[in-house]
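Subject: Structure for you to look at

Hello,

Here is the structure I said I would pass on.

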Amino acid sequence: SESAAAFSGGATSPGQVTVQLLASDGTTGLAGGAAYYYSGGWQPLGTTDSSGTVTGTVPTTTDIEIRYAGGKYKWTTVDPSTNPTLTINTVLVTVKLETCEGTPLTGEAQYYFGGWTSIGNTPATIELLPYSGLGPGQGNYDFQVKYEGRTSPVHTQDVSIDPVVVFRTTKVTLFGSNVLYYNGGWKSFTSPK
């Protein structure tokens, strides 16, 4: 099989690479990003520290990847002699819940990262990697909200195109007296809701 060095033009000398993971403000480092390089498979380079930085030695010109909070970003054919520092900024993603008229509501925002992970009450924000580095449409994340005992359908959105994820409720109007709805028990329905 071809080695990464042979595929990328034959560079064979090792070198140090620094990967820097920064928040959307461009200055705050993010800890916990796992960096990898490719050499017959993905090999660990290290994990970003509180400054958002990790430095390690790669054996040759190679692909380098950072993984953070369920997202990935890849740099291809990195030559450490000419490109020793790689920097990527996350995007500040905001999840909102609104009525059909646009009035804000409070619900629990979640996204999928090895299971449904809470972001917080809406409007909720989280720093996520915007895309894979391999073109548009690669920054998809799955989101949902919980509101009044119900969970929304899953909404998939490319946060590199639009970092604001909006969920909207539907107005329901019922006619009649003593109308009830179920939300952890039967409750009176005040129409419209």
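**Surface and rings**

Val 154 is partly exposed, at 46% relative accessible area (buried is under 20%, exposed over 50% and partly exposed in between, with a 1.4 Å probe and protein chains only). This is a predicted model, in which local features need pLDDT of at least 70 and side-chain atom pairs pLDDT 80 or more, while totals for chains, interfaces and linings use all residues. Residues are numbered from 1 along each chain as its sequence is written, and side-chain values use heavy atoms, without hydrogens and water.

Val 154 lies in the loop between strands S13 (150-151) and S14 (155-158) (strands are DSSP runs of E, at least two residues, numbered from the N terminus).

The whole structure has 7 aromatic pairs (rings of Phe, Tyr and Trp, the last by its six-membered ring, with centres within 6.5 Å; planes under 30 degrees apart are stacked, over 60 edge-to-face, the rest tilted). One of them joins Tyr 38 and Trp 42 edge-to-face, with 5.3 Å between centres and 85 degrees between planes. Tyr 38 is partly exposed at 33%, and Trp 42 is partly exposed at 30%. Tyr 73 and Trp 75 are also edge-to-face, because their planes are at 70 degrees, with centres 4.8 Å apart. Both Tyr 73 and Trp 75 are buried. Elsewhere, ring pairs connect Tyr 111, Phe 113, Tyr 141 and Phe 143 in a cluster.

Finally, Arg 67 has its charged end over the ring of Tyr 36, 3.9 Å from the ring centre (CZ of Arg or NZ of Lys within 6 Å of the centre and within 35 degrees of the ring normal).

Regards

Methods. Helices (H or I, at least four residues) and strands (E, at least two) are DSSP runs, numbered from the N terminus.
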